[in-house]
Amino acid sequence: MVKVLFVCLGNICRSPMAEAIFRKMVLDERLEDKIQIDSAATSTWEQGNPVHKGTRQRLAKENISVDGMYSRTLEDKDLDNDYIVAMDESNIINIKKFLNGRYNGELKMLLEYAGEQREIADPWYTGDFDITYEDVVKGCTGLLNKIKEDLK
Ligand code: 4NP
């Protein structure tokens, strides 16, 4: 089983979007028995809160539901992931602080899997869920290709 964890600041906009999009891609390729997917926040700010309306509405256009998903903070049980996937540079800094050298897997920003050293813009601040959606799809496509190579 390959374990993937998407992480952002609040776990209500970007990382749940990535989790839901990636889950759909994995289901479409019938790899759900081989890839386990979750998401978490670096902060406790939105703990227990549902996915942001903007993410919910953008994903609804793709017939993707985020019902039953709630924000939670990164915790020690997440150390067993193979991939921890951050949305921006500040996430990387905060995740590294939390991991404190205890992690053996891969930690990268999502768009690195699309060959781009660039952040996923935070729609909490930009209000633009379309750009974030397009970038998340781009990154998730690259990540899935990478993991499919691992599974060969
Ligand atoms: P996210 O966006 O990290 O993509 O979930 C944010 C959500 C909440 C806050 C900031 C960013 N906040 O300040 O509560």
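The legends below describe close-up views of one predicted model.

In this predicted model, local features need pLDDT of at least 70 and side-chain atom pairs count only at pLDDT 80 or more, while totals for chains, interfaces and linings use all residues. Residues are numbered from 1 along each chain as its sequence is written, and side-chain values use heavy atoms, with hydrogens and water left out.

**View 1. Strands β1 and β2 with helix α1 form a right-handed β-α-β unit.** Helices (H or I, at least four residues) and strands (E, at least two) are DSSP runs, numbered from the N terminus. A crossover is right-handed if, with the strands pointing away from the viewer, the path from the first strand over the helix to the second runs clockwise. Strands β1 (residues 2-8) and β2 run parallel and are joined by seven bridges; two strands pair if DSSP finds at least two bridges between them. Phenylalanine 6 has serine 39 of β2 as its bridge partner. Five of the seven residues of β2 (residues 35-41) are buried, so this strand is largely enclosed by the rest of the structure. Buried means under 20% relative accessible area, exposed over 50%, and partly exposed in between (1.4 Å probe, protein chains only).

**View 2. Serine 15 lies in helix α1.** This serine 15 is buried, with a relative accessible area of 0%. Not counting residues up to four places away in sequence, serine 15 touches Phe6, Val7, Cys8, Ser39, Ala40 and Met87, where contact means heavy atoms within 4.5 Å.

**View 3. The count of aromatic pairs comes to two.** Rings of Phe, Tyr and Trp (its six-membered ring) pair if their centres lie within 6.5 Å; planes under 30 degrees apart count as stacked, over 60 as edge-to-face and the rest as tilted. Phenylalanine 6 and phenylalanine 22 make an edge-to-face pair, at 5.5 Å centre to centre and with 75 degrees between the planes. This pair links strand β1 to helix α1 across 16 residues, and both phenylalanine 6 and phenylalanine 22 are buried.

**View 4. Tyrosine 83 and tyrosine 113 form an aromatic pair.** Their ring centres are 6.2 Å apart and their planes stand at 75 degrees, so the pair is edge-to-face. Tyrosine 83 belongs to strand β3 (residues 83-86), whereas tyrosine 113, 30 residues apart, is in the loop between β4 (106-109) and α4 (123-126). Both tyrosine 83 and tyrosine 113 are buried.

**View 5. The charged end of arginine 58 sits over the ring of tyrosine 133.** The distance to the ring centre is 4.0 Å. A charge sits over a ring if NZ of Lys or CZ of Arg is within 6 Å of the ring centre and within 35 degrees of the ring normal.
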